[in-house]
Amino acid sequence: MKDRARIEKYLRRYEQGLDTYENEHPHWRIEVLVSLIQWGLKSLRHHVEDPRERQVTWGNPFAELHYEVGWKWESRNGRDVAPGGHIFGEITPKDVANEAKANTALARIMVEQLNAMTLADATNWAWYEKRKNYYTPVFPIETTAKLNAIKSKRARREAFVELMRPFSIGEARVEASVGKLKSGQRVPRRMRKGNQPMDIPGIQLSGEINGRKFDIGLIFEIHPLIADYDQKKAYHPVVAGLAVLGGNARLVDGEMVQDTPADWPKGDREKFWEELLVEIAKITAALIPKAEAEGSVILSVNSQIKVPANCWSPEHRSATIKQIADLQSLAGELQDFRVHAIDSAGAQLGQPPCQVCGWIHDKGFAQIRINERDIITLRGILPDIVTLVHRAHEKGFRALSTKDDELAKVCGGYGNPCKAFDDLKHREDYKRLFDTSRRGFISIRGVLGKNRNKSESSPE
Ligand SMILES: [Zn+2]
């Protein structure tokens, strides 16, 4: 009870904190958007400047990045998966053990929530459910109802495309198989197309570093979330790129040569990136809607950035969509918080102990409560490994061969379950979950009665 009460106290404080933040930062979505652009550019810099990187280079400075968010993989109350299965954060009794820890934890969760909400708002809270390479679009219930109410098939299709299109900043859209690339992968040139609706057209930066001129356009896209149910990974594909504009082409021996920072000395290139990040921070002020309409805002210090004024705000989308987004924002706020208090954990996972292994776990083995104190949270291929061993027990086997074909397939490049847990930094969980005392075989400890109902007295 004590833990539960303490967590609830901090949850209330968290809600108050969010309110205060929203009051003090009425344009927080824009501030968060700009911080996401900075995150994208930092990652882009990392790829472009890495000498081993062959794909994302100055010749092709575009990268697709994956912004991971917390996701609820199990459906709620047996209902079908509800749109916006976001989980903004998790609080455990340990997180709120004292004032300082609680403040750190709440700040971390607030950042996660604000980022996730900005990304979702920018993409209409629409997402793709991905299973075995099939992508099924999912909308908030109200959006689906509104779409279905559109009589004309063509108009409905157009509304659908508009809802699913990425939020984009730049001269042109990056198209096609975004979301099918690995994080940090280059975006093939042929994917980039013009003549598409943009949320914020043309943020341009021009200036000079030690007499070297640059003239570039920012490209930034947020794609609808992809919830990959096979990999148990939910993320927004985010494309960050720089378009080198014509302004700095020069004639060398009768040929037009595009002058890019690629040819600059390393020190100047570093300075370029640092200034770029500083300058980008300044677009926050320019993006905040102003009462009077302005053509564009020019900010000038070392370089110049031209930002078209008033072109994006969450309200920029149609009134209907905005209404839905607001509704979803509210719905998504705190009800999806997972609270891990000792006395409520059984209820949290929503089931009595499993008949097979004696532990409390969800169907997908993303979370396994192995005793009163500990919940093991698994992601990626690890839940699949547990699933296979568990299935063997369900069939009555005492153990599963580590050379089992299906198991080997799931382990993929890791070769065996132990290596997979080791490499994915779950070595301790491996020891707690499995018994491997029979060489070449693996079984779930709970089945053997080991560790069952025994609360470990490990020190805090
Ligand atoms: Zn079980």
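In the predicted model, strand β1, spanning residues 62–71, is largely enclosed by the rest of the structure, because seven of its 10 residues are buried; a residue is counted as buried here if 20 or more other C-beta atoms lie within 10 Å of its own. Two strands pair with β1. Strand β14 (residues 233–244) is joined to β1 by eight bridges in the antiparallel sense, and within this pairing Val-69 stands opposite Ala-234 of β14. Strand β2, formed by residues 86–87, is likewise antiparallel to β1, with two bridges between them. Here Trp-71 has His-86 of β2 as its bridge partner.

A further set of strands, β23, β25 and β24, forms an open sheet in the order β23-β25-β24, with antiparallel pairing. The contact between β23 and β25, the latter covering residues 441–444, consists of two bridges between antiparallel strands. Leu-400 is paired in this way with Ile-442 of β25.

Helix α10, which comprises residues 382–394, lies across β23 and β25. The angle between α10 and β25 is about 80°.

Note on methods. Residues numbered from 1 in each chain as written. Predicted model: local features only at pLDDT ≥ 70, side-chain atom pairs only at ≥ 80, totals over all residues. Pairing = 2+ DSSP bridges. Helix = DSSP H or I, 4+ residues; strand = E, 2+ residues; numbered from the N terminus. Contact = placed C-beta atoms within 7 Å. Axes fitted to C-alpha atoms, helices over the stretch in contact; angles between N-to-C directions. Buried ≥ 20, exposed ≤ 12 C-beta atoms within 10 Å, placed from the backbone.
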